[in-house]
4 protein chains.
Amino acid sequence: MIKAAVIGATGYTGLELIRLSENHPYLEISVITSREKAGKSLKEVFAWSGKYAELVFEEPVVEKIAERVQVAFLCVPSGKAQEMAYSSLQRGVKVIDFSADFRFKNSRSYENTYNIKHNYPELCEKAVYGLTEIFGEKIKKAELVANPGCYPTSVLLPLIPLLKNNLIEKEPIIIDSKSGTSGAGRKAENYYSFCEVNEDFKAYKIASHRHNPEIEEKLNLFSDEQIQTIFTPHLLPINRGIFSTIYVKFKTEAEKIYKFLKEFYKESPFVEIVPIGKIPRIAEVKGTNLCKIGIFEDKKRGWGILVSVIDNLIKGASGQAIQNFNLMFGFPEDTGLPKTPLFV
Amino acid sequence: MIKAAVIGATGYTGLELIRLSENHPYLEISVITSREKAGKSLKEVFAWSGKYAELVFEEPVVEKIAERVQVAFLCVPSGKAQEMAYSSLQRGVKVIDFSADFRFKNSRSYENTYNIKHNYPELCEKAVYGLTEIFGEKIKKAELVANPGCYPTSVLLPLIPLLKNNLIEKEPIIIDSKSGTSGAGRKAENYYSFCEVNEDFKAYKIASHRHNPEIEEKLNLFSDEQIQTIFTPHLLPINRGIFSTIYVKFKTEAEKIYKFLKEFYKESPFVEIVPIGKIPRIAEVKGTNLCKIGIFEDKKRGWGILVSVIDNLIKGASGQAIQNFNLMFGFPEDTGLPKTPLFV
Amino acid sequence: MIKAAVIGATGYTGLELIRLSENHPYLEISVITSREKAGKSLKEVFAWSGKYAELVFEEPVVEKIAERVQVAFLCVPSGKAQEMAYSSLQRGVKVIDFSADFRFKNSRSYENTYNIKHNYPELCEKAVYGLTEIFGEKIKKAELVANPGCYPTSVLLPLIPLLKNNLIEKEPIIIDSKSGTSGAGRKAENYYSFCEVNEDFKAYKIASHRHNPEIEEKLNLFSDEQIQTIFTPHLLPINRGIFSTIYVKFKTEAEKIYKFLKEFYKESPFVEIVPIGKIPRIAEVKGTNLCKIGIFEDKKRGWGILVSVIDNLIKGASGQAIQNFNLMFGFPEDTGLPKTPLFV
Amino acid sequence: MIKAAVIGATGYTGLELIRLSENHPYLEISVITSREKAGKSLKEVFAWSGKYAELVFEEPVVEKIAERVQVAFLCVPSGKAQEMAYSSLQRGVKVIDFSADFRFKNSRSYENTYNIKHNYPELCEKAVYGLTEIFGEKIKKAELVANPGCYPTSVLLPLIPLLKNNLIEKEPIIIDSKSGTSGAGRKAENYYSFCEVNEDFKAYKIASHRHNPEIEEKLNLFSDEQIQTIFTPHLLPINRGIFSTIYVKFKTEAEKIYKFLKEFYKESPFVEIVPIGKIPRIAEVKGTNLCKIGIFEDKKRGWGILVSVIDNLIKGASGQAIQNFNLMFGFPEDTGLPKTPLFV
């Protein structure tokens with residue numbers, strides 16, 4: 001049993017991590033932290049039931065936590081994770097960070113994108129980007145894993161193999177993504193209030209979302225030319241799920257793309273390439289760690305369309321974190337992770 | 001054309017009032033106020049279109065507003081309306097108050113219920129309770145109308161005629177109400193955030209909601225014995241609408257109750273008694289100023305069940321305010337008010 | 001490993017049973033049936049992933065299924081289960097029936113309520129009503145378990161112990177229940193279409209719902225006087241969850257009711273009595289097999305209010321079926337069943 | 001007062017047309033038809049209230065209707081409108097057709113797209129495409145108006161002026177559209193059931209939707225080169241609204257595009273070009289006949305992004321039909337049409 005701390009456990013990803021952990025045979029949550037709720041139990045704060053209901057929030061003081069755990073999941077905002085990661089690693093605690101703090105190899109890109117100074121550029125170098133299916137071998141040996149953003153997860157899984165193997169043109173790549181509202185985190189703002197999300201649909205941060213530089217940096221690892229992606233995120237009036245519609249130019253037939261991706265991901269328990277003609281939907285991945293990818297072609301007009309769906313709180317956050325945990329601690333990749341959808 | 005001010009125009013009831021006014025041939029919104037948004041237009045703040053889009057929010061200073069309007073709609077929180085009402089009336093401006101400040105004849109009841117001191121108890125005496133169908137004659141002559149709470153509107157319309165005419169037992173009266181989330185107002189709180197209202201349903205303030213004393217005070221006006229109502233409000237994951245299920249003991253057959261209510265409301269353009277066997281639903285009143293009432297009987301078990309539905313923002317707030325405005329200024333009661341539902 | 005058949009596996013309860021089974025260490029789904037989809041796999045029909053994705057629907061022919069399984073879960077409509085249950089039992093296959101066919105001891109009540117002739121009245125006698133917490137001892141020895149209706153589950157768990165122990169008056173008992181739309185099953189009707197459920201709320205079958213006689217029959221087992229319950233079901237615009245607000249007369253203080261229920265259910269892993277003052281909500285039980293019960297008192301007015309919440313597809317159907325399966329096959333009651341909520 | 005018939009008045013567009021008509025000073029609905037509901041009133045079938053509640057559905061027999069009306073709104077499926085339009089026109093009744101039957105100038109394109117034979121190709125020539133802002137002058141004189149599809153309305157309003165004036169490249173044009181569920185019409189199918197739309201999001205008819213040839217035919221009218229558009233429709237879990245995100249290459253700066261469109265639509269009461277930097281959302285047009293258009297630029301990557309929102313039942317169907325009616329009968333274009341949003 002590996003003991004773990006969830007740092008910042010009152011947000012949606014922290015809670016989802018705790019929920020998922022309950023079905024994991026080797027992952028035990030020993031510490032949960034919250035500055036605001038310190039001293040109260042999960043049951044008191046969230047009327048939580050199940051295995052971890054009586055667990056009590058502590059202050060996020062690494063010194064007091066480190067000796068009790070082998071791994072820390074950092075579910076804190078970008079900018080707040082740097083120091084915690086550093087000091088956990090110093091004490092021999094492995095780190096899986098949900099923030100953007102270590103997602104960029106290039107700390108300057110991070111600083112430009114997040115407008116936050118990075119105090120540990122050397123850790124950026126050391127960190128492994130936790131897109132499990134792509135960087136699995138490195139993740140197995142990692143001390144510090146930067147869990148990917150939810151949008152990038154949905155976008156990179158279909159694009160990386162195709163770019164790397166020269167099956168699509170390097171430009172244009174247009175990404176129209178739609179995310180459930182839990183992707184925004186737990187926020188008390190009118191913008192995210194029920195009446196102002198329900199029965200509405202809105203785009204935000206058009207051409208300026210911080211996940212786009214993350215997408216580009218990772219795609220560039222697999223291309224000799226500089227990759228640029230046009231990225232538009234939208235807010236869906238649902239709790240969970242990301243749907244990315246990606247417009248590219250295929251360099252071969254859709255059928256070959258299908259076969260290639262099918263082969264590429266044949267050992268990956270959580271990536272499903274759906275047969276040509278079928279369209280994956282959020283309901284098929286809700287409650288699972290799956291990423292389902294569909295391939296379409298507008299032959300007449302010469303474009304390829306890729307559709308990718310994930311549950312943003314699972315494959316887009318806490319599930320992928322556990323998938324990475326599994327590799328880091330030598331367990332089978334799919335240990336304790338759900339694949340069966342919450343159909344309704 | 002009657003010129004009006006909307007004081008506190010950035011909440012849902014204020015905005016709905018402005019929207020509805022656009023279809024009113026004699027009501028012109030001349031002033032809108034907001035401390036926070038003063039200096040900005042409706043278009044700037046809410047991307048508003050239509051007739052009033054360019055109207056600019058002002059500070060809520062009665063002195064500066066009074067001379068420009070004949071009536072003020074006060075859409076401010078309970079406790080904040082007292083002074084504004086007093087000072088508007090002093091300057092000859094009629095007042096329709098959306099808060100609870102003047103709903104109680106007995107200012108002591110108000111103070112106990114809202115835990116706010118009342119500085120104008122004499123105005124409580126003078127104010128007319130704006131349940132249009134019941135107090136219409138007094139409203140015609142009123143200077144100050146206390147617009148009813150949304151729950152009380154849905155509950156009093158079916159109960160008052162039945163109690164007054166001795167067609168139901170005086171106890172028990174059990175009211176199980178369900179309200180759309182806009183009933184809570186425009187609030188930036190996790191409790192009202194999309195993810196925590198959507199796919200959930202919750203009761204709140206069981207046996208302690210402040211609309212219950214309001215309901216009881218008004219029912220008592222029509223009964224020689226003291227009336228007590230058991231009242232449970234619930235939060236629905238929809239934007240608009242109240243559904244009240246009311247359990248009482250009929251003193252006569254359902255058919256007679258039906259005929260009586262039908263007769264009682266025959267001149268009321270907005271109250272519909274639906275035929276025995278039909279169940280009114282929120283979708284039938286959404287977007288309208290209607291109150292639809294259904295009558296059911298569990299003969300075997302000896303209980304009557306009344307079902308009442310309204311759009312909380314219209315008949316439960318801004319529509320009823322305009323209905324009262326119509327009477328106060330000598331227009332036909334239904335001037336400018338919608339009766340056709342937004343079916344979807 | 002106990003092998004099981006899911007008869008009628010294309011409805012919501014059948015699918016949920018399959019989903020939940022995946023986490024059960026001793027329950028294996030070996031057979032799924034569907035007349036309409038026979039020959040196709042779960043993956044083909046529902047784009048299903050996970051352990052059972054490749055399972056192929058068969059025709060529901062008991063003769064061909066019986067030898068391959070030890071238990072059959074019947075997820076077919078009321079009236080269709082009788083014959084299948086009989087013929088499964090004849091072949092030594094235990095039966096857990098989701099329909100109403102064996103819920104009534106008195107087959108005449110069944111016939112009156114469902115307007116369907118019962119061909120196996122003797123099986124009604126033999127069947128055990130599968131409200132696990134109450135009839136657990138009998139369930140352990142049962143060959144045929146009648147899984148309770150979803151509404152009755154939410155209502156009987158709070159009421160039976162209180163009635164049995166004389167802590168509430170025998171009348172009135174008023175039950176105002178609200179159910180998520182999956183409770184209606186998988187139906188292609190305008191009434192259940194997205195646009196006509198979304199942003200609406202409606203009551204249905206007021207004073208005539210078929211779950212009320214079921215509730216009354218079961219309550220009567222615990223009372224010397226005839227119990228009558230007033231029952232109003234409503235349709236919530238959410239997928240999952242039942243919320244029952246129950247109005248009764250307490251014969252003692254709320255605090256004692258709380259302590260009594262807490263004690264009564266102390267060995268029950270899935271019933272939680274929430275502390276006085278706290279209100280359980282659907283979000284707290286969504287995705288779990290829990291029933292959470294809250295106790296309130298309107299002291300001034302002399303009424304008790306009980307609030308009970310469940311996930312209708314789990315504790316109200318497939319979860320409770322597995323709970324019963326656990327007892328019937330000698331496993332711990334909570335084997336494989338979730339207690340941690342899907343918070344969002 | 002112009003008397004009108006609504007042919008096929010039990011669908012969402014027919015009902016919305018009736019609802020909107022109520023606020024129109026010169027449009028009177030005299031006839032409503034429905035094969036299935038003939039003999040029943042709007043009140044009986046839809047619990048309808050308001051001016052037209054007592055209107056009774058008739059059989060759709062043109063001979064019996066023609067003499068009583070001056071205009072017929074055809075809200076019937078594509079393929080069913082041809083004959084009705086022909087026979088109405090023969091009798092001197094003007095026609096506004098909601099189906100696709102007369103949207104294509106080229107009846108062969110219609111036949112290929114809809115796989116329905118066209119019996120009145122000469123009427124296709126005669127029909128005027130009812131995109132009011134673009135074809136207003138012709139609509140004024142039209143006997144037969146083909147009301148545009150909902151998606152094409154949202155797409156053509158931003159694109160036509162830009163293409164025509166050579167402000168964007170002719171390719172690529174990528175259109176990612178999202179529609180509320182009412183866009184699918186009133187359908188009793190599992191695919192559109194509440195539980196299977198709610199909390200889900202899905203694409204459909206990728207690269208094969210029938211609105212794409214309609215979009216292309218109309219764009220081609222304004223281009224010397226053949227225009228091809230990549231079009232992906234998605235289904236939103238909301239009742240109303242279309243949101244189209246359109247990716248193009250600007251030939252000038254965003255600011256100039258903004259000024260040009262602003263100028264182009266300066267006389268159009270229902271098209272709003274929102275200031276650079278602002279993103280229009282569905283909530284801003286819900287309940288209105290508006291189309292709001294936002295302009296964005298990803299300068300670094302060289303792409304323009306246009307965002308267009310409408311209420312699919314109003315500007316995308318019944319509102320635009322009334323807008324066309326206004327022109328055809330000599331009334332101001334905006335007579336009786338709403339511009340103020342249903343903010344919640």
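**Exercise 1. Describe how chain C meets chain B, in residues and in area.**

Start with contacts, meaning heavy atoms within 4.5 Å: 46 residues of chain C touch 46 residues of chain B. A word on the source: this is a predicted model, in which local features need pLDDT of at least 70 and side-chain atom pairs count only at pLDDT 80 or more, while totals for chains, interfaces and linings use all residues. Residues are numbered from 1 along each chain as its sequence is written, chains are lettered from A in the order in which they are written, and side-chain values use heavy atoms, leaving out hydrogens and water.

Next, take the area. Buried area is the accessible area (1.4 Å probe) that two parts lose on being put together, summed over both. Here it is about 4,000 Å², with carbon and sulfur atoms giving 61%. On the chain C side, C:E199, C:F201 and C:R301 supply 17% of the area buried against chain B, more than any other three residues.

**Exercise 2. Count the salt bridges between chain C and chain B, and look at the one formed by C:E216.**

A salt bridge puts a side-chain nitrogen of Lys or Arg within 4 Å of a carboxyl oxygen of Asp or Glu. The count is 8. C:E216 pairs with B:R301, their closest N and O atoms being 2.5 Å apart.

**Exercise 3. Is B:W303 buried or exposed, and what does it touch?**

B:W303 has a relative accessible area of 3%, so it is buried (under 20%; exposed is over 50%, partly exposed in between; 1.4 Å probe, protein chains only). Leaving aside residues up to four places away in sequence, its contacts include B:Y247 and B:F296, and also C:P172, C:I174 and C:I230. B:Y247 is 56 residues from B:W303 in sequence, yet 6.9 Å away in space, C-alpha to C-alpha.
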